[in-house]
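Subject: Structure handover and notes

Hi,

Here is the structure for your set-up work. Please load it before you read on.

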Amino acid sequence: MTVTRAPAETLSVLDRPNSYIGKTVPRPNLDRLLQGRGQYVSDLELPRMAHVVFLRSPYAHARIVAIDADAARRMSGVISIVTGRELEAVITPWVGVLSHLKGLKSAPQHAIAIDRACWQGEAVAAIVATSRAVAEDAMEQIAVDYEELEAVTDMRTALDPATPVIHASLGDNLAFERTLNAGDVDQAWSNSEVVEADFVFGRHTGVTLEPRAVVADWNAAEARLTIYQGTQAPHMVQNIAALHLGLREAQVRVVCKDVGGSFGIKVHIYADEMATYALSKLLRRPIKFVADRVESFNTDIHARDHRCRGRTGVKSDGTITAFEIDDLTGIGPYSMYPRTSAIEANQVVNLVGGPYVTPNYRARARVVFQNKNVMCQYRAVGHPIACSVTEGLVDLAAAKIGMDPVEIRRRNLIPDDAYPCASPSGMKFEQLSHHASLAKLLQMMDYDALRAEQAALRARNIHRGIGIASFIEVTNPSAAFYGVGGAKISSQDGVAVRLDAQGSVICQTSITEQGQGSESLTAQIVGSVLGVSMERVRVILGDTDNTPYGGGTWASRGAGIGGEAALQAAKALRQNILDIAAAILQSTPGGLDIVNNSIVSADDGAPRIELSELARIVYFRPDTLPPGIQPELMATRHFVPRQYPFAFTNGVQASWLEVDTETGFVTLLKHWVVEDCGTIINPQLVDEQIRGGVVQGLGAALFEKCIYDERGQLTNANMADYLVPMSGEMPDIEIGHVVSPTQESELGAKGAGEAGTAGAAAAVANAVNDALRPFGATITEIPLTPQVILTALGRI
């Protein structure tokens with residue numbers, strides 16, 4: 001027998017039967033194994049899961065001069081210390097660009113930094129040990145010699161000639177620029193009152209209940225990697241892991257069960273997760289990584305860090321003549337992979353002015369690199385910025401001409417009978433319902449009564465405000481989002497449905513579950529079509545070995561795309577079942593129906609045969625079926641939108657709040673949302689998705705901000721200093737609906753997951769300004785902290 005020594009505490013056994021090839025034996029068993037010449041094979045211990053902790057740069061920008069890990073390597077329980085240079089041999093770098101975003105550029109990013117750290121929190125080494133505690137102790141013993149470099153932190157000066165270029169190979173710090181010019185904006189200015197403002201949006205992040213977590217398990221015997229990960233897009237992870245590890249997709253399996261919150265945070269490819277895959281392959285053992293809360297703040301993507309100059313023109317009769325924006329955003333040192341960090345700014349350009357009729361629109365968006373954590377797509381990508389700018393300008397225009405904010409919207413929102421139509425930015429709208437939604441909202445909130453109450457309270461020096469915000473939302477994205485740009489992110493979803501041998505239904509779907517109810521809506525659709533009670537429908541998702549290929553769950557696509565695939569698969573299976581039942585019962589498929597787990601007569605509902613009995617015959621006694629009948633109790637269908645790049649939803653929100661002008665504190669009193677998300681499959685799920693989205697939007701409006709100093713240090717990376725909305729601060733949130741089904745699918749469902757976030761901040765900002773109108777103060781910055789409000793009032 002040949003025993004080859006391996007690093008640290010393991011030895012490779014190379015001459016065992018196939019089931020042990022490439023497996024490892026802990027050193028305490030070595031003497032026993034050698035003495036017995038292999039007789040203790042049954043006692044072999046396979047490699048135990050190891051834990052990885054990443055040593056992260058304390059500097060926003062620094063050259064890595066040297067890493068001394070000798071002391072850490074000698075510690076008991078330490079398996080390996082791996083640097084970026086060593087890991088580079090296992091996994092290739094990546095570049096986050098899309099070909100249809102012309103001019104977008106980024107530098108290659110590595111799983112672990114090699115020569116430079118480009119933000120505070122970028123990993124510079126990996127410590128693999130028998131436990132996380134051991135790895136963290138070893139991390140304390142690693143000495144890194146850094147040469148601190150000047151950090152680029154202010155996006156307003158990132159393009160100045162005197163500002164250092166973060167990646168010299170790119171030539172400058174401009175990642176992406178887009179301009180748009182529709183209609184005749186200059187002519188519009190010439191015959192309008194023009195209002196303008198600078199809108200500032202605080203950088204914030206998702207703060208998911210469950211942090212990012214991954215276990216990667218390389219099986220050398222099978223040359224196969226299994227990844228257990230909280231992700232929104234398992235097939236995307238499979239494709240990218242295979243690509244950069246030099247594997248075929250068939251060599252990678254991704255398993256994703258229920259995820260404790262995502263909000264877009266877990267739809268990206270993170271360097272530390274890629275490093276975990278590579279470490280498992282390098283060390284030939286399972287490796288586990290879980291981000292702690294500080295790591296989450298420093299490495300989970302951030303979003304919304306924008307400064308946007310906005311202008312609008314308005315005539316004395318309330319007609320809005322034009323919109324113009326100049327948007328600037330900083331994204332960190334790299335464009336995030338593979339969806340890119342330019343999508344948010346691109347969405348802002350696409351969506352500003354979207355609910356309104358005016359054909360005149362001019363826009364510029366610039367995306368710049370910084371030495372801060374990477375920014376990318378978070379719930380309602382770009383929508384809160386576009387909605388806040390648009391609705392803030394509309395309110396300013398109304399104030400300029402002395403018109404009620406509701407009335408100016410009535411006069412300018414796209415008429416409900418004007419569809420199909422397109423926005424000045426080229427967005428195609430199939431069917432929206434701005435006016436019906438606004439009318440329903442005003443009825444729900446009793447607008448006139450609130451205005452009367454506001455006036456009465458104002459006389460008593462109590463300052464309450466009403467804010468209105470109309471919005472549009474991108475849902476059900478087609479390949480126009482990513483596929484056309486070369487990203488291997490599927491825009492289709494697939495569902496396979498089969499009847500098992502006891503008459504229950506197994507449904508395998510490519511969408512995933514992060515708490516929004518994917519399992520429930522899938523079971524509801526399938527059970528309804530098949531006449532099977534929901535407790536008899538089992539939904540399997542989040543496993544690339546066991547589900548059809550698909551995009552997963554993001555951009556409010558689960559119900560609209562995955563739900564339609566489930567509907568069509570269930571319909572196909574239903575027809576198969578009825579064909580078989582007709583053959584057994586000597587009837588016709590049209591004369592039969594499926595109700596309450598049984599085949600019944602279509603005309604009078606009389607029971608004919610239970611599904612369990614039909615399944616028994618098909619699976620165990622097919623010899624009793626009539627000749628020529630080949631039973632097929634499984635069906636698979638895929639769906640992808642084709643006619644419209646997106647199924648736009650729309651809606652309107654209102655906020656009723658009180659501002660304490662002595663302290664600057666805002667008390668939220670009531671919030672209303674009316675949304676048109678097409679066919680509503682499960683009202684409770686839809687309403688709670690909207691409420692959850694509103695809460696995140698309110699967090700952005702009043703509480704959440706990632707605060708950096710001038711050296712690029714994140715100063716509030718903890719739950720004590722980074723404020724998230726709590727239940728005690730939240731108002732009652734009342735939900736209403738208008739229904740305009742999309743005609744592109746039989747189900748007619750659009751998305752509902754991001755609408756609440758899209759308009760909440762705009763409604764709150766308008767309400768605060770409404771409350772402060774007697775003081776002549778206007779605020780166009782969020783979050784609306786007491787300091788911001790008191791500064792606007794001239795009190796600090």
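My notes on helix packing, loops, backbone geometry and a few single residues follow.

This is a predicted model, so local features need pLDDT of at least 70, side-chain atom pairs count only at pLDDT 80 or more, and totals for chains, interfaces and linings use all residues. Residues are numbered from 1 along each chain as its sequence is written, and side-chain values use heavy atoms, with hydrogens and water left out.

**Helix pair α15 and α16**

Helix α15 covers residues 558-585 and helix α16 covers residues 611-620. Helices here are DSSP runs (H or I, at least four residues), strands likewise (E, at least two), and both are numbered from the N terminus. The axes of α15 and α16 are 11 Å apart, at an angle of about 80 degrees. Axes are lines fitted to C-alpha atoms, for helices over the stretch in contact; angles run from 0 to 180 degrees between N-to-C directions. The two helices, α15 and α16, are therefore roughly perpendicular. The cut-offs: under 35 degrees is roughly parallel, over 145 roughly antiparallel, 65 to 115 roughly perpendicular, and the rest oblique.

Which residues meet? From α15 come I577, I580, A581 and I584; from α16 come L611, L614, I617 and V618. Contact means heavy atoms within 4.5 Å. By class, the contact of α15 with α16 has 8 nonpolar, no polar and no charged residues. Nonpolar covers Ala, Val, Leu, Ile, Met, Phe, Trp, Tyr, Cys and Pro; charged covers Asp, Glu, Lys and Arg; the others, Gly among them, are polar.

The buried residues of α16 are L611, L614, A615, I617 and V618. They span an arc of only 160 degrees around the axis, so they lie on the same side of α16. That arc is taken from the directions from the helix axis to the C-beta atoms. Buried means under 20% relative accessible area, exposed over 50%, and partly exposed in between (1.4 Å probe, protein chains only). What covers the buried residues of α16? The cover includes α15 and the strands β24 (493-499), β27 (592-595), β28 (598-601) and β29 (607-610).

**Backbone geometry to check**

Two cis peptide bonds come first. One runs from Y337 to P338, with omega near -5 degrees. P338 is in the loop between β19 (320-330) and α9 (343-351). Another joins I782 and P783, with omega about 5 degrees. P783 is in the loop between β34 (781-782) and α19 (786-792).

A555 has phi near 55 degrees. Its place is the loop between β26 (537-541) and α15. A555 is buried, at 14% relative accessible area. N597 has phi near 70 degrees. N597 sits in the loop between β27 and β28, and it is buried at 13%.

**Polar contacts**

A polar contact is a pair of N or O atoms within 3.5 Å; within protein, one must be able to donate a hydrogen and the other to accept it, and residues adjacent in sequence count only if both atoms are side-chain atoms.

- N682 is in the loop between β32 (666-676) and α17 (683-702). N682 is buried, with a relative accessible area of 19%. Its side chain makes a polar contact of 3.1 Å with the side chain of Q524.
- N769 is in helix α18 (residues 755-771) and is buried at 9%. A polar atom of the N769 side chain lies 2.7 Å from the backbone nitrogen of I779. Beyond neighbours within four places in sequence, N769 is in contact with A777, T778 and I779.
- R362 is in strand β20 (residues 361-368). The side chains of R362 and D186 make a polar contact of 3.0 Å. Leaving out residues up to four places away in sequence, R362 touches residues including W189, F323 and E324.

**Two more residues**

Is A129 buried or exposed? A129 is buried, with a relative accessible area of 0%. It is in strand β8 (residues 123-129). E140, in the loop between α4 (132-139) and β9 (143-148), counts as exposed at 62%.

Best wishes
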